Structures are given as structure tokens and as C-alpha cells.
Amino acid sequence: MKEPERPAERRSKRNRSLATDILKPEAGVDKPKSTQNRNRKQLHDPAEDLAARLARKVVGQPAATKVIVPYIQMFQAGLAPEGRPVGVFLLLGPTGTGKTKTIEALAELLHGSEKNVLKVDCGEFQMEHEVAKLIGAPPGYLGHRETQPMLTQQKLNAVTSEHCALSLVLFDEIEKAAPSMTRLLLGVLDKGVLRLGDNSTVNFEKSLVFLTSNLGARDMTREMNPEFGFQSAHVADRADLTSKLQSIGLSAVKKKFSPEFVNRIDCIITYQPLTVESLSTILDQHIVDLQNHVNTRLGERSFTLDVPFDTRQFLLQKGTSQEYGARELNRTIHRYLTQPLATMVATNQIPPGARVLMELGEDDKLNINVLDAGGAPAAANPTVLLVDDNRDLLHFLERLMADAGWTLLTAESATEAKQLMQKHKPNAALLDYMLPDGNGVELGVEFLQTAPQMLVIVMTGTILPPEEEALCEEHNFPVLRKPFLASDVMNQIRSRLAPITARA
Ligand SMILES: Nc1ncnc2c1ncn2[C@@H]1O[C@H](COP(=O)(O)OP(=O)(O)O)[C@@H](O)[C@H]1O
Ligand SMILES: [Mg+2]
């Protein structure tokens, strides 16, 4: 096993610890943010944004992003053809390379939740008679009233959202489906319509249909260098491998499905084995997620994770697997980080505000060192500015924060908020996205210019427009989707302010 290098090393040299990543209120005073934002707006292209955001979530599969996004754009422009689904994609490639993740990520970006996908596990429809589960039994059959078809118009509509009428439909592991199901699918792909057992129809003209399959995956694995990870240094080899994998996939598909079926697929996308660089990015994402999880779940008992370079290298090495792709990495993180941490939390071995250093020890073990124990009294008594024109929420939080000994300032507009900000210099600001005279994200960015240490949290009842979401990501603003629990807000503020107060 070759030592994975560079990207993580670069990160470590810049000495960006996880803690600063999460806690820094983006003190980037060196660049004038307002100009930057103006530029971003002028250049704003929604498709570009969606592509970039999808690529951030599905690492190292640029072909997939590039192929899928134009179909969504076509739908959003009202130019999708009638009488067929908006797009039909067959996703091929080795296990754990992001096929299913792509659809979940799209669901999150379009509808606000990974769960907004109508998913059919084709493994459940291997026998001819099981297809009735999918479309319901015809009238006259015993028990036809009790069989609730899996695919109904109602279920299809339920995975859309008020922001986007495009539904995502996933037929997972299509190679396992019985031939009768493939025939059924043929109608869906061809006409965009499925006729149910009770003779009603389901319309897929506002759907993207994804078929995933590991057809050819075994041959693909054999084709890939069995000894090493996929160092991107060998660019030529990689391009070569890409086209080899594609042709393996295609010939497996042609062997399994009829030409009519294959003809109705708009794009066949072959997912690539993940490179060491991609796995390293995925690892970093998981560690950031873990820290965020600690912050929201533990609230005032939360702590700061520190996972140094050597440890990350170790996790990468353990978690690299040709056979299982990033799944192996997920398992490794669970085994070496999440589980041991959970045990320590459960047995009260980590005091609030501590720095938990995950150090590489001997014998393939990680030593968990709890540092700064006993320091950091969790956020003293912060002053919090709450800007929202929802009076009920204002009053509710006011009471709660007063009970916790915090000072709460409230404003119902951006103008009012700016005045309070100047006068009282609060530690944290909780800003509603929709304000009568502006928007909370831009207000937050403005606040950071005079108070770079301030914690800004954005609340919203809708999905943020892409440029605002990008701003939140850039400035590390947590976004709370309404409705949320009051304890979520309190915990966010407590956990994020605690270490800052401790450092001061
Ligand atoms: N390209 C990727 N980018 C980010 N995470 C990934 C990627 N590929 C796999 N993963 C991680 O591995 C898990 C399994 O991936 P999945 O998409 O279900 O694999 P498959 O290709 O077999 O459908 C995902 O939940 C995600 O955490
Ligand atoms: Mg999958």
C-alpha cells in the first residue's frame, strides 16, 4: 500500500486544525467581501452553481455532474420535451463511488432533504409476481384493495417540494429486476407514463429517472490495478482506465438489456474508482460533519475534535478499498473515531470545552487525548442579537435565553438590527433570512466586517437561493431550517461560543 501524499500534507502545513475550520468566523479581513459578493452576483449562473454544489457533495465524479445538471436546467427553463421523463440516466461503476450519493445530494440541493427521492429497490422485484407490489394488483384479484402500489402519482408528488416540481426517481440495482419489471420500465422511459393495476396512471414527465447497476463491476475491479489505490499522478493511465471501464460497462449493459431499453437511456455514466485525493476530501468532510454533529447534539457539553495529519493518513490507509470504495472509509471512520468517542462521551470522560486530540499510537491504535480539561466554562453569558419579524419566536427565545442568563437584544428589521449592533456589540447574531428591509445573510456578512469574531446563525423557512447558500458556506454561518427546536439554537450558540470565550 503506497503512502497517500500531498493534499492532506498541504493542509497540515497550513496548520488548519479542524477546530479553527469550524469556529473561525472567517476573519478574512484581507479581502473586501462586499466587492467579492457583487462580482459573484454579476457572474451568477444558476446551473454553474448547482454543478459546483453537486461536485462539492459528490467528490471526484465530474462527468456525472456535467451530464446531469443540463437536464435540470432544461426542466427549469420549461424546455423539457413532453411525453417522456426529463432525463433517464444509467449509473454504472464500482461499489461505493457515489452513485446513490449523487441522487441523494441532488435531492438535498433541489428539495432540501436527501430523503426526497422515490426509490425502488429492484432487488425486491426479482420474481415475476412481485411486480404487483410496484403497480398494485388489478381489480378482481383477491386482496387488490389491500395492495398499495409502490409507485403512485401521490408518492411521486410527495418527493417534490414547493421550490422545485422535479421529482427524482431511482431504480437501484436494476440488473436484479425481473424481466416483467424491465418491460414495465420500458413504458415509463418511452412515454413517461406508468399504468397501474387499477388502470390509473402515473406521469413521469416531470421526473429524472436514475437506474443504477453494478453490471460489469467485477470486470471493472479486475481491470483496475489490484495492488494500489488510484494515484492521479498517472493521468494517462487514468484516462485509459476510464475508457476501459466505460466499454466494460457498456458491453455488460448490452448483454443484459434489449436494444430498445438501452436506446431509451439518455446517458450512461460510468463512475470512476475514487483517487486518494478524493478519498482524502471525503475524509475531511466526514470529520467536519462529525464535529458539527457533536456541536448540535451535545450542546454545552460539546468539545473540539483535533485530528492531525498522521491520523488522517492512517485513516485513509485503513479506509482505502478497491472493492468497497468510500464505504470502507465510512466504516473505518466509524470504527476508529466515532465509536471510541461515543464510548468516552457515554462514560463522561470528556469535559465540556475540551480539545480531544486523536493521536496515532502504536499497534494501529488511535490514542484519544483529552486536553484543556476543566478549562473553558461553556459560554459565559453571551449577548445575542435576534433579528426576526416573527413576534412569537422573539418572545419565546427571549424567555428561554433570559432563563439561561443570556442577554437578548431583539430587532424586527435590518435597520433596527444595525443600530443595536453598533451600540451593544453582541457575541452572536441570529438572523432570519427574510427581513422586511433586507436579507439576513447579507446582514450577517456586513456584521462580520466590523466584528469578525461574531457568531452569525441564519434562520430560514425556505431553501436559500444558491448565492446566499454559498455565502453561508463561505463565511461558515450555520443555517437553521424552520421549524427548529429552541434547544438547537441554544446549543449552536453555546458550542460555538465556548471555545472562543475560552481562548480570549
Ligand atoms: N464520490 C463520493 N463523494 C462523496 N462521498 C462518497 C462518494 N462515493 C461514496 N461516498 C460515500 O460512501 C457512501 C456510499 O456511497 P454510495 O453512493 O451509496 O455508493 P454506490 O456507488 O455503491 O451507490 C456514501 O454515503 C458516501 O458517504
Ligand atoms: Mg448504490
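The following legends describe close-up views of a predicted model.

**View 1. The five-stranded open sheet.** Five strands form an open sheet with parallel pairing, arranged in the order β2-β3-β6-β1-β7. At the edges lie β2 (118–121) and β7 (267–270), each of which pairs on one side only. From one strand to the next, the twist averages 20°.

**View 2. The pairing of β1 with β6.** Strands of a sheet pair through backbone hydrogen bonds, either parallel or antiparallel. Here, strand β1 (residues 87–92) runs in the parallel sense with strand β6 (residues 207–212), and the pair is joined over five bridges. Within this pairing, L91 stands opposite T212 in β6. Helix α6 (residues 99–111) packs on the sheet, where the helix touches β1, β3 (167–172) and β6. The direction of helix α6 makes about 165° with that of β3.

**View 3. The largest nonpolar core.** This core comprises 81 residues, of which L168, L170, V209, F210 and L279 touch the most other members. Both domain 1 (61–273) and domain 2 (277–371) contribute to the core, with at least three residues drawn from each. A second, separate core contains 33 residues, including L430, L431, V441 and L443.

**View 4. The surroundings of V209.** V209 is among the members of the largest nonpolar core that touch the most others. When neighbours within four places in sequence are left aside, the contacts of V209 are P85, V88, V169, V188, L189 and F204.

Methods. Residues numbered from 1 in each chain as written. Chains lettered and ligands numbered in written order. Predicted model: local features only at pLDDT ≥ 70, side-chain atom pairs only at ≥ 80, totals over all residues. Core = buried A, V, L, I, M, F, W, Y, C linked by C-beta atoms within 7 Å. Buried ≥ 20, exposed ≤ 12 C-beta atoms within 10 Å, placed from the backbone. Domains from an automatic or database assignment. Contact = placed C-beta atoms within 7 Å. Pairing = 2+ DSSP bridges. Helix = DSSP H or I, 4+ residues; strand = E, 2+ residues; numbered from the N terminus. Axes fitted to C-alpha atoms, helices over the stretch in contact; angles between N-to-C directions.
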